[in-house]
Amino acid sequence: MGNSLQANLRDKVRVFANQQVWLEANAVAQLHTTAQLPHMHAAVGLPDLHAGRGYPIGAAFFSIGHFYPALVGGDIGCGMALWRTDLKAHKTSPAKLEKRLGSQEGPLPEALLHEAQAQASWRAVQALADAGALPSTTAMLEGSLGTIGGGNHFAELLACDRLYPDPANGDEGSADGAPALALDPRGVYLLVHSGSRGLGGAILREHVQAHGHAGLRAGSAAAQDYLRQHDAALAYAQLNRACIAQRFLRALRAEGELLLDVSHNHVHAACIDGLPGYLHRKGATPADAGPVVIPGSRGDYSYVVQPVAGRHEALDSLAHGAGRKWARSDCAGRLARFHADDLRKTRLGSAVVCSDKELLFEEAPQAYKEVDAVVASLVEAGLIRLLARLRPLLTYKKGAAPCC
DNA sequence: ATGTTC
């Protein structure tokens, strides 16, 4: 108590990963380089740490007095939403789900768009866009709403593979008072990973044009302008995930209930060890927002986990997934022995819908770390407790870009 | 990441 933040953390930079986790030297180098930025007080690498464009992904950074929009990057508000559907795993199959789902490309069906536009979050974002305070127009925001996007974004249907016993002996809630998630062992779940689509990228682009990669001084006009846009991108990204879920549920003729929605790309004012500053999460899932999902690759399990209360040494952050092992550009070569159709089924028996062949290879399970080692690292560090293991049934990725 | 881009 009363020690300085850096004394408490022992070092400015900490990495939470056990011996089983693949850590690329370049990613660790990026973590240290980023930790050297002025005003930066602490940096944490989570076990999904991997190299990005200058800044590492799977990392959290705490700065004081200034913060860094460029570090948050372009996909402001990207995150995971988990829905419980009323489908039963034993009554469906990957093939049945694929058939019912059909194509989910293109803009949101009009009825769902109107529903979304009735939401308070939409009205707030639209008001900013109409006032010229966002780099995207309302029409652009409408056009992207309810679309998954590319890269590592996906919507996935999963079965509950395993529930872990509660050490607190099964009573409601967990040790830190967070409400227990009502997970049905026979249920089918819908996991949506997407973000703010074009909006976040446009915010970053405009910001970098004006300020480069320098930090913004807290409280300055530029900082306030950025945070207003950033918060709009967070709201838009969350609404986008809800819209994706709604269109999937509609296609599946299923009802759904939102269990959690958590962003892993953002910057927030935060107090760490009593010091006020800014917490940047760059592909890092909050450990202070209740239960979260740590998804594996499309051919691996995903875990629902409960962050352990009172453990702040990882800057209140967790891995946001398995983390890449291979660069996207290496995947086609390394997986040359596979045909595209080989990659449309997985070792866990799930189906993959993805008409973009390049993306099919870039996002192959082989390109990702083993999620078990990532999750084990967090358990061993005392940061999480496992609630459930989910098994993929069907992973839906972006279709091919419309051609000609 | 991307109403991408040379």
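**Entry 1: S297**

I began with S297, which touches A322, P365 and Y368, not counting residues up to four places away in sequence; contact here means heavy atoms within 4.5 Å. This is a predicted model, where local features need pLDDT of at least 70, side-chain atom pairs count only at pLDDT 80 or more, and totals for chains, interfaces and linings use all residues. My other bookkeeping: residues are numbered from 1 along each chain as its sequence is written, chains are lettered from A and ligands numbered from 1 in the order in which they are written, and side-chain values use heavy atoms, with hydrogens and water left out.

I found S297 in the loop between strand 13 (292-295) and strand 14 (302-307). Helices (H or I, at least four residues) and strands (E, at least two) are DSSP runs, numbered from the N terminus. S297 has a relative accessible area of 6%, so I noted it as buried. The scale is: buried under 20% relative accessible area, exposed over 50%, partly exposed in between, with a 1.4 Å probe and protein chains only.

**Entry 2: H320**

Next I looked up what UniProt lists for "active site", and the unreviewed entry gives H320. UniProt positions are in the numbering used here, feature names are shortened, and annotations may be inferred rather than shown by experiment.

H320 sits in the loop between strand 15 (317-319) and helix 10 (328-334). Why is H320 counted as buried? Because its relative accessibility is 9%. Leaving aside neighbours within four places in sequence, I see H320 in contact with D48, H50, I57, M80, H264, G283, A284, T285 and P295. With D48, the side chain of H320 makes a polar contact of 2.5 Å. A polar contact is a pair of N or O atoms within 3.5 Å; within protein, one must be able to donate a hydrogen and the other to accept it, and residues adjacent in sequence count only if both atoms are side-chain atoms.

I then checked "binding site", for which UniProt (unreviewed entry) lists D75 and H153. They are spread over 79 residues of sequence but cluster in space, with a largest C-alpha distance of 10.8 Å.

D75 belongs to the loop between helix 3 (69-72) and strand 5, and counts as buried because its relative accessibility is 19%. Its contacts, again not counting residues up to four places away in sequence, are H153, G195, S196, R197 and N265.

H153 is in the loop between helix 7 (138-144) and strand 6, buried with a relative accessible area of 8%. The side chain of H153 reaches the backbone oxygen of I148 at 3.3 Å.

**Entry 3: DNA strand B**

Which residues surround DNA strand B? I listed R53, D75, M140, G149, G150, G151, N152, H153, R197, G198 and R328; near means that one heavy atom of the residue lies within 4 Å.

- R53 has a polar side-chain atom 3.0 Å from a base nitrogen of DNA strand B.
- R197 places a polar side-chain atom 2.6 Å from a phosphate oxygen of DNA strand B.
- R328 has a side-chain N or O atom 2.8 Å from a phosphate oxygen of DNA strand B.

**Entry 4: helix 4**

Last, I turned to helix 4 (residues 94-101), where P94, L97 and L101 are buried. The face turned away from the buried side of helix 4 carries the exposed residues A95, K96 and K99. After helix 4 comes G102, with a positive phi near 60°.
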